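Work through these exercises with the model open. Each task is followed by a stepwise solution.

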Amino acid sequence: MNEQDDPSAFRTALREWLAGTDLTPPDDHSLEGHMRQFARVQKALYDAGWSRYGWPEHAGGLGGPAMLRAIVGEEVVGRRLAEPGPYSMLEVLAPTMIDYATPELAAEMVPKLLSGEEQWCQGFSEPGAGSDLASLTTRAEERDGRWIINGQKVWTSFAQFSHRCILLARTGAPDSPPHANITAFFLDTDTPGITIRPLRTMHDVDEFCEVYFDDVEVDSSRMLGKPGDGWQLAMDLLPYERSTCFWQRIAYLYERFDALIAEVKEQGQVVDSDMGEAYLALHTLRCRSRATQHRLADGHRLGPDTSVDKVLLAGAEQRLYDTARDLLPGVVELEDTDWRTEYLYSRAATIYGGTAEVQRNIIARRLLDLGKD
């Protein structure tokens, strides 16, 4: 049996390769440093074949079950060789390109993302269209076989480091149904008319950006799917945000949990019930996410059920960092450490990727059939 046919053997071989390959991150904790390290790790994984497993051969992959991708992400992020944020974009955007781009475009572009040659971003949210994505106002108008795009996006992660952007824009008649006239495009971010402005958040990292589009031209060949397919593309993309890339983030949170235990013991404190509650939240999340990984690997199409994963992730992440704040007095309020930065970032866990309120509404209406009341 080939290693790629047996996830356990695949993991063992990957661990052996990682043990013999020096991918130690440099002592640069800036966002730019994280992005360079991610590209470095991806290139090494791609050249050795590891990051190509689990992806279809027609898009530059080596085939095999999607579970292999989850294993690679878990091992890499769990070792802190790459941060979960940049890694997550890979798992969100590559499947979207494979599903919606022409075969020729996917074959050309996906290997650039898998190999770390390029970074991509996701242009969905707008100042007036976050959780209510159907109200977006960025518009694309067709002129002589090309599309002219005008509008603004916000909360666009890593846009300042990205070579391409998967963008949603409104097309068609202004009075057509909101969901029916949204179209997706694949833009080069160095196209004239695109302006990217990083936003520095309260945890002092400029991960998010505003992106402005002023008469930006894009060829019709860069449309993903057909006119009006953008809403379905978004609905198909969002479950990927809550499947394999969650698995990587869970690995990261477990590593931080172990670090918290070590610091608590170092200070001579007792690991108490608060720590137990944090572990229970993480373990519950991991069990749920594991089931999601297996559904994905078995070929099931993910849907609104992944909102459960999102709610559990937000709760577990905030519980972990609340515990760190409570058990390490002053580490959040008074000290400039990773705990402070990550605690502040965790406050957004119930907002980014779909607010907790919206996720619970999806669970109530689409999974439990409780209606709109």
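**Exercise 1. Classify R146 by its accessibility, then find its salt-bridge partner.**

Step 1. R146 has 30% relative accessibility, so R146 counts as partly exposed. The classes are buried (under 20% relative accessible area), exposed (over 50%) and partly exposed in between, with a 1.4 Å probe and protein chains only. Accessible areas come from the Shrake-Rupley method with a 1.4 Å probe, and for residues only the protein chains shown count as cover.

Step 2. The partner is E217, with the closest N and O atoms 3.0 Å apart. A salt bridge here needs a side-chain nitrogen of Lys or Arg within 4 Å of a carboxyl oxygen of Asp or Glu.

Step 3. E217 lies in strand β7 (residues 208-219) and R146 in strand β3 (residues 146-153), so the pair ties together parts 71 residues apart in sequence. Helices (H or I, at least four residues) and strands (E, at least two) are DSSP runs, numbered from the N terminus.

Step 4. E217 is partly exposed too, at 42% relative accessible area.

A note on the model: it is predicted, so local features need pLDDT of at least 70 and side-chain atom pairs pLDDT 80 or more, while totals for chains, interfaces and linings use all residues. Residues are numbered from 1 along each chain as its sequence is written, and side-chain values use heavy atoms, leaving out hydrogens and water.

**Exercise 2. Which parts of the chain does the salt bridge between R80 and E255 link?**

Step 1. The closest N and O atoms of R80 and E255 are 3.3 Å apart.

Step 2. R80 sits in the loop between α3 and α4 (84-100), and E255 sits in helix α7 (residues 244-266). The two are 175 residues apart, so distant parts of the chain are linked. 

Step 3. R80 is partly exposed at 21%, and E255 is partly exposed at 22%.

**Exercise 3. How do helices α1 and α3 pack?**

Step 1. Two packed helices are described by the angle between their axes and the distance between the axes.

Step 2. For α1 (residues 7-19) and α3 (residues 67-78), the angle is about 35 degrees and the axes are 10 Å apart. Axes are lines fitted to C-alpha atoms, for helices over the stretch in contact, and angles run from 0 to 180 degrees between N-to-C directions.

Step 3. List the contacts, meaning heavy atoms within 4.5 Å. On the α1 side are P7, F10, R11, L14, R15 and L18; on the α3 side are L68, I71, V72, E74 and E75.

Step 4. Look for charge. R11, R15, E74 and E75 belong to a salt-bridge network that also includes R79 and R286.

**Exercise 4. Is V76 buried or exposed, and what does V76 touch?**

Step 1. V76 lies in helix α3. Its relative accessible area is 0%, so V76 is buried.

Step 2. Leaving out residues up to four places away in sequence, V76 touches V41, L45, L81, A82 and Y87.

Step 3. V76 and A251 are 175 residues apart in sequence, yet 9.0 Å apart in space, C-alpha to C-alpha.

**Exercise 5. Compare F158 and D215, two non-glycine residues with positive phi.**

Step 1. Phi of F158 is near 60 degrees; phi of D215 is about 50 degrees.

Step 2. F158 lies in the loop between β3 and β4 (164-170), whereas D215 is in strand β7.

Step 3. F158 is buried at 2%, whereas D215 is partly exposed at 49%.
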